[in-house]
Amino acid sequence: TTSNESYVLFGEGGLYISHNVTDKYISGFSHIEASLCFGEECEEDNTLFMNRVYLLLGSNMGDRQSMLDSANLELIDALLPDYLVVASLGDAVNTSQVMETEPWGFDTPVEPFLNQSFCCLTELEPREVLKVCQSIETQLGRERKAPRFNEAGERIYESRPIDIDILAFERESDEGWEAVAVNEEDLVIPHPQLESRDFARK
């Protein structure tokens, strides 16, 4: 950037102007508007619409709470745009209370899960979010194995230190937030088991 170039970002609750694109203040926004200014002349304002992703975190191995905490931090770092520096993290990220749930889909007794829902603003698209989630799972010690199935063709699950599922995805437009549907071999949104996970929808 040049010395006379500044960026203006403003939302419902905050305004900040900076010469450093990574140094922005935004608070309480429903969407972000930005204008690129050179001296006294400014280009026409452009609206930067965000995406919103809903995730479900789970762990039933090791220090389960520590795993959820670490996943939260990694997700925030990876999903939030670099230029978003909010006065309150709750303006861009929301998490549910942690709940202990009984495991299902296993063929042997295992430890119960700690689960937590996670919602975050992001510029990433669904497949990019999937890559982020899988990368964080690997970073936190999850080993991916070939899936196993029982005689009825039902998936048999295994214990894991961390599991991050994409529950739902929304895209912002002039009309508001719109649900995004994805139906691919390795990515289905909304999550096909969402309706059976009452704790996730709460």
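Predicted model: local features only at pLDDT ≥ 70, side-chain atom pairs only at ≥ 80, totals over all residues.
Reader: What does the secondary structure of the chain come to, and what percentage of its residues count as buried?
Author: The chain has three helices and 15 strands. It runs to 202 residues, and the part of them that counts as buried is 41%.

Reader: Among contacts with a separation of 6 or more, what percentage comes from residues 24 or more positions apart?
Author: The count covers contacts in the protein chain with a separation of 6 or more. Contact means heavy atoms within 4.5 Å. Residues 24 or more positions apart account for 64%.

Reader: Is T101 buried or exposed?
Author: T101 sits in strand β8, which covers residues 99-101. Its side chain makes a polar contact of 2.5 Å with the side chain of N115. The cut-off for buried is under 20% relative accessible area. T101 has 12% relative accessibility, so T101 counts as buried.

Reader: Which parts of the chain does the salt bridge between E100 and R64 tie together?
Author: In this salt bridge the closest N and O atoms of E100 and R64 are 3.0 Å apart. The two residues are 36 apart in sequence, so the pair ties together strand β8, where E100 lies, and helix α1 (residues 64-79), where R64 lies.

Reader: How many residues apart are R127 and E184?
Author: The side chains of R127 and E184 meet in a salt bridge at 2.5 Å, N to O. R127 is in helix α2 (residues 126-139) and E184 in strand β14 (residues 182-184), so the pair links distant parts of the chain, with a separation of 57 residues.

Reader: Which residue of β13 does E170 stand opposite?
Author: Strand β12 (residues 163-173) runs antiparallel to strand β13 (residues 176-179), and four bridges join them. A hairpin connects the two through two residues. In this pairing, the residue of β13 opposite E170 is A179.

Reader: Which element gives the most residues to the largest nonpolar core?
Author: This core has 32 residues, and L55, L75, L79, F118 and I164 have the most contacts inside it. At least two residues each come from β6 (51-59), α1, β9 (113-122), α2, β12 and β15 (187-189). With six residues, the element that gives the most is α1.

Reader: Which residues does L75 touch, leaving out those up to four places away in sequence?
Author: L75 is among the residues with the most contacts inside the largest nonpolar core. With residues up to four places away not counted, those touched by L75 are L55, L57, L80, F118, V132, C133, I136 and I164.

Conventions. Residues numbered from 1 in each chain as written. Heavy atoms only, no water. Buried < 20%, exposed > 50% of the residue type's maximum accessible area, 1.4 Å probe, protein only. Polar contact = N/O pair within 3.5 Å; in protein donor to acceptor, adjacent residues only side chain to side chain. Salt bridge = Lys/Arg side-chain N within 4 Å of Asp/Glu carboxyl O. Pairing = 2+ DSSP bridges. Core = buried A, V, L, I, M, F, W, Y, C linked by side-chain atoms within 4.5 Å.
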